[in-house]
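Welcome, and thanks for stopping by. Please take a look at the sequence and the structure below, and then follow along with the questions.

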Amino acid sequence: MLFAVFFQVNGQTADSADFRWGNGFYYNLNVGESVTFKQVEVKLLKVENHYNQLKIGEDTLWLKVARRSLPEELRGIRVFVADNKHVKALASGEQVHGLLTKDALVCISELNGPLLDPDRYTFPVSFNDGFVWNADEESYPFSLYKSDERQAQVTYRSFPGVGFDLHDARGLPKHWLVAIENSRVVWVENMPEVRSGSASCVLLESESQPGIYYVYSGLFSRNLLVKRGQKLMAGDPVGTAWGDDSWGHVQVAVVHSQDVPNFPECFHYAVNGFPQIYGLYFQFGTNATRFYSRGRITFGFPRQVSGNRKNVQAYESYTGKGWLLGKWCPADKVEWVVSGTDGNARLKKVLFEGTPAQCKNPQNYFDYQIVVRNGTYRIRARVGDLYLPSWQKIEFEGVASVTKSLNAGETDWTGERVVKVNDGTLNVRMYIDSENKRVAGLSEIVFQRAY
């Protein structure tokens with residue numbers, strides 16, 4: 001249902017948000033400014049790196065920019081921070097963040113309804129062929145993305161949409177991409193950066209909301225089912241994934257623009273809509289926690305091996321695993337490197353050195369956390385760096401640390417440890433060599449509940 005929201009900004013009355021998508025209303029705020037939504041005041045108090053301090057009614061809390069985080073739900077409303085000035089400063093192309101005009105961009109919606117009505121919107125990948133989305137690929141809105149995974153000192157860019165792992169469907173009539181809502185095909189363009197000339201990009205225009213467009217990038221040209229001017233219903237097939245010998249995925253981005261986006265600039269004014277996409281797939285917006293009893297977690301492995309799950313991101317409860325980082329790390333992730341079919345997370349005192357995301361860990365260790373059922377677990381890890389000499393001391397649940405000093409390109413397994421978990425989390429701590437400036441590397445963790 002389409003409805004209007006009346007709010008106040010610093011006492012000045014206005015009759016609309018900066019823009020909206022579905023039932024989410026987006027407001028640009030400077031520190032000290034507030035909006036009133038459904039009689040609840042939301043005020044921006046402070047911005048520190050990717051964290052934003054908000055006062056929501058009488059509650060004060062810190063929210064990360066929701067690059068892959070879910071909204072906070074309280075006082076009858078749902079709130080997430082879609083972007084802020086510090087995250088925008090990390091990107092090489094600022095126009096991707098063009099919707100941000102103040103210190104932070106906050107999205108607010110009513111709690112008694114979904115961000116996107118499932119009767120009008122559908123998840124953009126069909127489930128007909130058994131597609132499963134884990135929501136933990138490295139390709140998510142405003143992710144600091146490396147242009148060359150083999151090196152640490154490289155150019156970084158900001159990922160504008162959500163990239164779905166479709167490696168098993170590249171070039172095949174499988175896992176069809178579908179129209180997210182009733183829409184019109186604005187244009188279909190070839191992607192010249194793909195040397196084979198077999199990849200296409202499609203722009204859809206929302207039927208329900210003027211100024212909202214959907215970019216489907218990386219479609220296989222031979223399987224396209226749409227043409228310019230065609231009208232689509234939600235769920236109508238658009239095409240399948242292009243891919244080469246090593247990788248295949250499709251990137252879906254939402255943009256808001258007063259003018260029709262052209263192909264070279266189609267990702268400008270990207271809308272951070274990760275919570276909406278998440279809600280369409282899982283059919284709820286709450287932060288449900290995933291639990292593990294056994295598993296093999298790989299770090300930094302190439303996309304064709306890992307499904308682009310690098311496991312370098314900060315902890316999110318819906319994935320049940322991640323690095324425990326804080327306000328000090330604006331990229332909200334650690335570094336990684338790749339060599340052939342192998343990879344590792346690269347840990348050091350100063351991360352992303354020489355880039356706008358450069359930051360210093362205030363501790364001499366990094367913690368990786370896995371949510372598990374309480375009990376006894378067997379665990380071990382493979383450590384070392386694929387390019388540089390490494391030193392690392394690793395401990396599992398504080399039990400019997402292991403120190404390994406390794407040559408460049410050398411990795412080694414720790415011995416197996418048996419640990420007791422009483423608080424629902426299995427914790428791995430990696431100490432770093434802050435004095436001699438050698439890196440620490442983590443390639444794999446293998447764990448299993450001991451019955």
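## A guided tour in questions and answers

Strand S3 (residues 19-21) and strand S4 pair in the antiparallel sense over three bridges. This is a predicted model, in which local features need pLDDT of at least 70 and side-chain atom pairs count only at pLDDT 80 or more, while totals for chains, interfaces and linings use all residues. Residues are numbered from 1 along each chain as its sequence is written, and side-chain values use heavy atoms, with hydrogens and water left out.

Q: Which residue in S4 is the bridge partner of Phe19?
A: Strands here are DSSP runs (E, at least two residues), as helices are (H or I, at least four), numbered from the N terminus. Two strands pair if DSSP finds at least two bridges between them, and S3 and S4 have three. The partner of Phe19 in S4 is Tyr26.

Q: Which residue in the turn between S3 and S4 has a positive phi?
A: S3 and S4 form a hairpin, with two residues between them. In that turn, the residue with a positive phi, about 60°, is Gly22.

Q: Why is S4 largely enclosed by the rest of the structure?
A: Buried means under 20% relative accessible area, exposed over 50%, and partly exposed in between (1.4 Å probe, protein chains only). Gly24, Tyr26 and Asn28 point one way from S4, Phe25, Tyr27 and Leu29 point the other way, and all are buried. S4 (residues 24-29) is largely enclosed because its buried residues number six of the six.

Q: Which residue in S11 is the bridge partner of Asp83?
A: S10 and S11 run antiparallel and are joined by seven bridges. Asp83 has its bridge partner in S11, and that partner is Leu105.

Q: How far does the side chain of Gln209 lie from the backbone nitrogen of Gly22?
A: Gln209 is found in the loop between strand S17 (199-206) and strand S18 (212-220), and it counts as buried because its relative accessibility is 6%. Contact means heavy atoms within 4.5 Å, and Gln209 touches Arg20, Trp21, Gly22 and Tyr121, not counting residues up to four places away in sequence. Its side chain reaches the backbone nitrogen of Gly22 at 2.7 Å.

Q: Against which strands do the buried residues of H2 pack?
A: Eight of the nine residues of H2 are buried, so this helix is largely enclosed by the rest of the structure. Among the buried ones are Phe274, Ile277 and Leu280. They pack against S3, S4, S10, S11 and S14.

Q: Which residue in S8 is the bridge partner of Gln53?
A: Strand S7 (residues 51-56) and strand S8 (residues 59-64) run antiparallel and are joined by six bridges. They form a hairpin, and Gly57 in its turn has a positive phi of about 65°. The partner of Gln53 in S8 is Trp62.

Q: How far apart in space are Phe447 and Asn84?
A: Phe447 is found in strand S36 (residues 440-449), and it counts as buried because its relative accessibility is 2%. Phe447 and Asn84 are 363 residues apart in sequence. In space, C-alpha to C-alpha, they are apart by 38 Å.

Technical notes:
Polar contact = N/O pair within 3.5 Å; in protein donor to acceptor, adjacent residues only side chain to side chain.
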